[in-house]
Amino acid sequence: MRIRLPHEVSASIVAFATVFLLMSPLNMPTWAIFITWAGTFLQGGPSRSNAIAMVTATTTGAAFGVVAVLLNRETGTMFGTGSLARTLALAVVIFAVNGTLLATGRLKPFALIPGMFFGFASLFATYFGGFGYDGGNLGAAFVSAAAMCALGPLCATLGIRLMSAPAAAPAPEARERGEVTPSAGETLA
């Protein structure tokens, strides 16, 4: 016999568990989990192929975010040091990196372009927000953002699995008293 939890309850149980990743020393960007969790359902729901596509895309997107940050570090003052000059330099970097990201999406393993943007945005929010196990460290931001994005499809799967959790077996005394009837295919011992 299985109990049936509403999806609102099962998903909330999994979401509750993710909050502890925010605690020090991890300080993880848990919002990335929820972005890719929702993205998993936009793909049609949890499956191995959807998880692989999402993890591949988000990790690739986070890598493109690292490239954008590194390029901006090197070229941020190519037009000068004023606000407009730095903004223009950043715009050139974003133009080049965004175009390359979109072109990469033409390759089958990277075709989940929204997933690449999930990873790209998660990297920026993690790095510039000072999240991750070493706030302000670009490498740590990449690992933290990619890891949290990868947990989204897993959390989507766990939420679905909790909906149909096996019920606890009745106490042997209840079976002996006849308070429990066998379900289809089950025999009373």
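Q: What makes the nonpolar surface patch of about 510 Å²?
A: Phe16, Val19, Phe20, Leu22 and Met23 make this patch. A patch takes residues with over 30% relative accessible area and no salt bridge, joining like charges within 9 Å and nonpolar side chains (Val, Leu, Ile, Met, Phe, Trp, Tyr) within 5 Å. A salt bridge here is a side-chain nitrogen of Lys or Arg within 4 Å of a carboxyl oxygen of Asp or Glu. Accessible areas come from the Shrake-Rupley method with a 1.4 Å probe, and for residues only the protein chains shown count as cover.

A word on the source: this is a predicted model, in which local features need pLDDT of at least 70 and side-chain atom pairs count only at pLDDT 80 or more, while totals for chains, interfaces and linings use all residues. Residues are numbered from 1 along each chain as its sequence is written, and side-chain values use heavy atoms, leaving out hydrogens and water.

Q: Why does Met23 count as partly exposed?
A: Buried means under 20% relative accessible area, exposed means over 50%, and partly exposed is in between. Met23 has 49% relative accessibility, so it counts as partly exposed. Met23 lies in the loop between α1 (7-18) and α2 (31-42).

Q: Why is Ser144 called buried?
A: Ser144 has a relative accessible area of 0%, so it is buried. Ser144 is found in helix α6 (residues 138-163). Ser144 and Thr126 are 18 residues apart in sequence, and their C-alpha atoms are 7.6 Å apart in space.

Q: Why are α1 and α2 called roughly antiparallel?
A: Angles under 35 degrees count as roughly parallel, over 145 as roughly antiparallel, 65 to 115 as roughly perpendicular and the rest as oblique. Angles run from 0 to 180 degrees between N-to-C directions, with axes fitted to C-alpha atoms, for helices over the stretch in contact. α1 and α2 pack at about 150°, and are therefore roughly antiparallel.

Q: What makes α2 oblique to α3?
A: α2 and helix α3 (residues 48-75) pack at an angle of about 135°, with their axes 10 Å apart. That angle makes α2 oblique to α3.

Q: How many helices and strands does the protein have?
A: There are seven helices and zero strands. Helices (H or I, at least four residues) and strands (E, at least two) are DSSP runs, numbered from the N terminus.

Note on methods. Buried means under 20% relative accessible area, exposed over 50%, partly exposed in between (1.4 Å probe, protein chains only).
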